[in-house]
Amino acid sequence: MKKIEAIIQPHKLQEVREALKTIGVDGMSVWEIRGHGRQKGHKEIYRGQEYQVDLIPKVKLEMVVPSSRVDEITRALAAAARSGTIGDGKIFVSDIGEAIRIRNDERGETAL
Amino acid sequence: MNPPRMRSLKLLAFGLLTSVAAFAQAASEAAKGTDLAKSIDDLKKAVASAQMSGDNAWMLTSAALVLMMTAPGLALFYGGLVRRKNVLGTMMHSFILMALVSVIWALVGYSLAFGEGSAFLGDLRYAFLYGVGAEPNPDYAGTIPQQTYMIYQLMFAIITPALISGAFAERIKFTGMLLFSTLWLFVVYLPMAHMVWGKGGFFNGTLGGKFPAWDFAGGTVVHITSGVSALICALYLGKREGYPKEPMRPHSVVLSVIGAGLLWVGWFGFNGGSAVSAGSLATSAFVATHLATASATLGWMVMEWMIAGKPSVLGAISGAVAGLVAITPASGFVKPMPAMIIGVAAGVVCYLMVSKVKQKFGYDDALDAFGVHGIGGTLGAILTGVFATREVNDLRMGKAMGLIDGDANQVVNQLIAVAFSWALAIVGTIVILKIVDFITGVRASKQDESEGLDLSMHGEEGYNFEA
């Protein structure tokens, strides 16, 4: 099992979800985050006071999938999230030791 | 024709018939040589009672509108501008004054402001609201119960100290704030209100003032006193921890927009109600207020657009408040076009004040109570002397009211009143801050400040994630 974490542009969320749905991925967690990588922030001005805002709003998706599907899923995800500009985000893949379905104690990939 | 209108027409017809009948009856009585004088007397009473109903309805409405300016108006306006950890504390600074000032006002405040007393302070004739009932007080308002006048004036006493809270936001101790506001009311507000509006007051324009100054709804009494005191508070308390290095962006301009909208609407009661009647003067003040505010909004927006590059929403609403402030003293004395000039001037000057001058001097007037109220109020008070005209408000029985109207001297009187209110606010506030600092302390501890006033002072949070 692998965990896929993707940090993407907020406005790409809908496209990514649709792309993943068409290849049969329907479980994920999504949250609004703030952060930055190489992308520069922006300037905001309140009554003449300038603020450099470096932490930019992003959306983070997280899903745990069977190892065999990682390649296919990350490709679809990246394709849907890509606009070709700086700030498109990143995908991280990591190993998962165990998965347990709380309802009936199922374990392993069947619990996904 | 819809049914309600039909009904009102029927009512009108009925009213006409009965009054004609009454008149006919009165006439026949007169013909019989019976009590004509009594009929006329009854008629006079009926007319007076009708006028009182009309005026009283508007004045009670105005009182409610002015209360609405403090909360939710100012509470939202200021609340949105602070960081989220201080939103409740900031709203409380406005809300609690609706309670605290009301009690003080009923006990002695109204009397010290509006009792005859000396030229500088009222006496205790109305203490505990003694004698303040259904009878009008002809010195102030001959057509409404004095109790209405009292409650209307109370709403001004509530919002004035609340305005100051913009300067010490995010770093004042709650006990210190309560004590400060109480003392400030006695030392600055009540004397100033008496001098400008009270019978025999030093600057009173109609009731025997030595230097009659025009202040229709509180340019000196409300905005200069609060704005200048705000500057003193900002200087005395010092900057917020981390200012200006740490980002202190408003946590929700959305709240501030709602607040500014409520302030704009409430201000019709503030200025329109200051006519203390429901006649054409109230209309004139209402119109002047609205047009000045509209012009000030545009003035600020255009300035900011040209200088900073973008027309911010915070800029637009700040411009509106600046316009409302500046037109306050002038609203019952000027025609619509001068009102718009006052508005534009306020928008431009206050924008430069908060975005350029403040940065230059580096004081931390957190929410710009001085830049908007102190400066806008001063500008408005002076321009009142320039644009006041007898065509709007003929207080001098046909003689000129202001500079353009033909009396240059009035500008001098306005300047004297302005200088005096600045001086009283500066000296009074310094003394009070020293006293409060000695008794309870004024500034929150470093730890309380960094934790946020919501949690450290009130044990609550404005936005609870789990709830």
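**Sheet, interface and a helix pair in a predicted model**

In chain A, Glu5(A) sits opposite Glu62(A) of β5(A). Chain A has an average pLDDT of 93, and 100% of its residues score at least 70. Of the elements in chain A, β1(A) has the highest mean pLDDT, at 97, while strand β4 (residues 49-53) of chain A has the lowest, at 87.

On to the other partner of β1(A). Seven bridges link β1(A) with β6(A), again in the antiparallel sense, and here Ile4(A) stands opposite Val93(A) of β6(A). Put together, the open sheet of chain A has four strands in the order β2-β5-β1-β6, with antiparallel pairing. The edges are taken by β2 (29-35) and β6 (89-95) of chain A; each has a single partner strand, so one side of each lacks a neighbour in the sheet. From one strand to the next, the twist averages 20°. Packed on this sheet is helix α2 (residues 70-81) of chain A, which touches β1, β5 and β6 of chain A. The direction of α2(A) makes about 5° with that of β1(A).

Next, the meeting of the two chains. Here six residues of chain A are in contact with 12 residues of chain B. On the chain A side, the most comes from strand β3 (residues 42-46) of chain A, which supplies three residues. By class, the chain A side splits into three nonpolar, one polar and two charged residues.

Helix α11 (residues 369-387) of chain B packs against helix α12 (residues 409-439) of chain B at an angle of about 160°, and their axes are 7 Å apart. Angles over 145 degrees count as roughly antiparallel, and α11(B) and α12(B) are therefore roughly antiparallel to each other. Their crossing is right-handed. From α11(B), the contact draws on Thr378(B), Ala381(B), Ile382(B), Thr384(B), Gly385(B) and Val386(B). From α12(B) come Gln410(B), Val411(B), Asn413(B), Gln414(B), Leu415(B), Ala417(B) and Val418(B). Sorted by class, the contact of α11(B) with α12(B) holds seven nonpolar and six polar residues, and no charged ones.

Key:
Residues numbered from 1 in each chain as written. Chains lettered and ligands numbered in written order. Predicted model: local features only at pLDDT ≥ 70, side-chain atom pairs only at ≥ 80, totals over all residues. Contact = placed C-beta atoms within 7 Å. Helix = DSSP H or I, 4+ residues; strand = E, 2+ residues; numbered from the N terminus. Nonpolar A, V, L, I, M, F, W, Y, C, P; charged D, E, K, R; others polar. Pairing = 2+ DSSP bridges. Axes fitted to C-alpha atoms, helices over the stretch in contact; angles between N-to-C directions. pLDDT = per-residue confidence, 0-100. Parallel < 35°, antiparallel > 145°, perpendicular 65-115°, else oblique. Left-handed = near helix turned anticlockwise from the far one by under 90°.
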